Amino acid sequence: MKSKKNEELNFLYLNNQINENDKKKKATNKNKKKKKSKKKVKEEKAEEQFNFENEIVIGVTKIPKEKEKKNTSKTNKKLQNKSVNNKKGADKKSAPKSKKNEKNKKETKKSKTIKKVLKWTSLFVVLLVALIFFMMSPIFNVTEIIVSGNNVISTETITSLSQIEIGANIYKTSKEIIKKRIKENAYIESVEVKRKLPNKIELVVKERNTSYMLEYAGSFIYINNQGYILEVSNEKLDVPIIEGYTTNIEELEVANRLNKEDLTRLEMILKIVEFKESNEILEKINRINIEDKQNYTLKMEEEKKTVYLGNASNLSSRMLYLKAVLEDTKGLTGEIFISGDLVKEKAFFRQAQ
């Protein structure tokens, strides 16, 4: 009996629990339905307030569905065109960007080259400064001056003209300035300055030689074969004296030259001198008169003869005639005429009475 009662009680308890669960489920479903119904009510209210298909809103026209489709297609096309244009624009923008990149590359290259140049120039300046300091050291102080090539001018005169000081730095004075100082002497034709490191200087000079003399007021003016006036002296040298020159007395100063007219006549004398070795005539000539360029005159004091060469054309033939006449008239005093046309006229001797 008890077991039956217990079963009945259990059964009742289970039914009660099932009923309670069903009630809970129904309650939750009702709440969900209520929420859904509330949302639907709100949506329906919104549709009732603004229904564009059924109602007309002020300021907004209703667009049919077909037109809406067309408008959407148009908008899509516009968007596509815009995208294409944007791509083109992007391509156009990319071109100047590439140019900018090239410019940037060039600028970077320039900056690199400038940096390199600055680097090397600064290094060069540093080395140059170091070299200058080294050159100014006492190692390069002059201890000896060597002079060579001089015969007329003394070594002391040349060293004093150079103004090089013993004990001074070897690089103190430039070579050109030293040359200019030494060439102030008319006898010096050229100078070569050699620095023999560390402390010696050599001066190699080339002198002008006295080839002729001009006679004036009991003194003698020495000149070389280029017409440079070398010295004025009372000493007579064993060189020919030129007579009949046209250079003004005021211009006959040391280191000057004869005027152009005398220089052209001097060229003819130099041609005569060329026959010295073959004919041995120049040694006998004491004076040359150039006053008349159509008739150059040679005076031989030892031979006691005067030679008239004319304009000195065809010199080789005239000098051969002169040599022959001198051999034939040894010991005789007189004048030799070789001034005419040697084809028509022969050279002849006129003895003095």
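This section describes surface patches, salt bridges, aromatic contacts and backbone features in a predicted model.

Charged residues form separate patches on the surface. A patch of positive charge is made up of Lys103, Lys105, Lys106, Lys109, Lys110, Lys112, Lys115, Lys116 and Lys119. Lys103 belongs to helix H2, which covers residues 65-135. The relative accessible area of Lys103 is 56%, and Lys103 is therefore classed as exposed, since the cut-off for that class is over 50%. Negative charge is gathered in a patch formed by Asp238, Glu280, Glu283 and Glu302. Glu280 has a relative accessibility of 53% and counts as exposed.

A nonpolar patch is also found on the surface. The residues that form this patch are Phe124, Val125, Leu128, Val129, Leu131, Ile132, Phe133, Phe134, Met136 and Ile139. Together they present about 990 Å² of accessible area. Val125, one of these residues, lies in helix H2. The relative accessibility of Val125 is 46%, and Val125 counts as partly exposed.

Eleven salt bridges are found in a search of the whole structure. One of them joins Lys196 and Glu202, with the closest N and O atoms 3.1 Å apart. Lys196 is partly exposed at 38% relative accessibility, whereas Glu202 is buried, with a relative accessible area of 13%. The cut-off for a buried residue is under 20% relative accessible area, so the value of 13% places Glu202 in that class.

A salt bridge is also formed by the side chains of Lys299 and Glu243, with an N to O distance of 3.6 Å. This pair links distant parts of the chain: Lys299 is in strand S9 (residues 296-300) and Glu243 is in strand S7 (residues 241-243), 56 residues apart. Lys299 is partly exposed, with a relative accessible area of 31%. Glu243 is buried, with a relative accessible area of 18%. Lys299 and Glu243 are also members of a network of salt bridges that links them with Glu215, Arg287 and Glu301.

In the salt bridge between Glu303 and Lys284, the closest N and O atoms are 4.0 Å apart. Distant parts of the chain are again linked, as Glu303 is in the loop between S9 and S10 and Lys284 is in the loop between H6 and S8, 19 residues apart. Lys284 is partly exposed, and its relative accessible area is 33%.

Three aromatic pairs are counted. Tyr308 and Phe337 make a stacked pair, with 5.0 Å from centre to centre and 15 degrees between the planes. Tyr308 lies in strand S10 (residues 305-310) and Phe337 in strand S11 (residues 334-337), so the pair ties together parts that are 29 residues apart in sequence. Tyr308 and Phe337 are both buried. With Phe348, these two residues form one aromatic cluster.

A further contact between parts of the chain involves Lys179 and Val191. The two residues are twelve residues apart in sequence, and their C-alpha atoms are 5.7 Å apart in space. Lys179 is in helix H4 (residues 175-182) and is partly exposed, with a relative accessible area of 24%.

Several backbone features were also identified. Most residues other than glycine have a negative phi, and most peptide bonds are trans. The peptide bond between Leu197 and Pro198 is cis, with omega about 10 degrees. Pro198 is in the loop between strand S2 (188-196) and strand S3 (200-207). Positive phi values in residues other than glycine include those of Ala312, near 65 degrees, and Asn314, near 55 degrees. Ala312 is placed in the loop between S10 and helix H7 (315-328), and Asn314 likewise lies in the loop between S10 and H7. Ala312 is buried at 4% relative accessibility, whereas Asn314 is partly exposed, with a relative accessible area of 47%.

How values were computed. Residues numbered from 1 in each chain as written. Predicted model: local features only at pLDDT ≥ 70, side-chain atom pairs only at ≥ 80, totals over all residues. Heavy atoms only, no water. Patch = residues over 30% accessible without salt bridge, like charges linked within 9 Å, V, L, I, M, F, W, Y side chains within 5 Å. Areas by Shrake-Rupley, 256 points an atom, 1.4 Å probe, with all protein chains shown as cover. Lys, Arg positive; Asp, Glu negative; His and termini not counted. Charge placed at Lys NZ, Arg CZ, Asp CG, Glu CD. Helix = DSSP H or I, 4+ residues; strand = E, 2+ residues; numbered from the N terminus. Buried < 20%, exposed > 50% of the residue type's maximum accessible area, 1.4 Å probe, protein only. Phe/Tyr/Trp six-rings, centres within 6.5 Å; stacked < 30°, edge-to-face > 60°.
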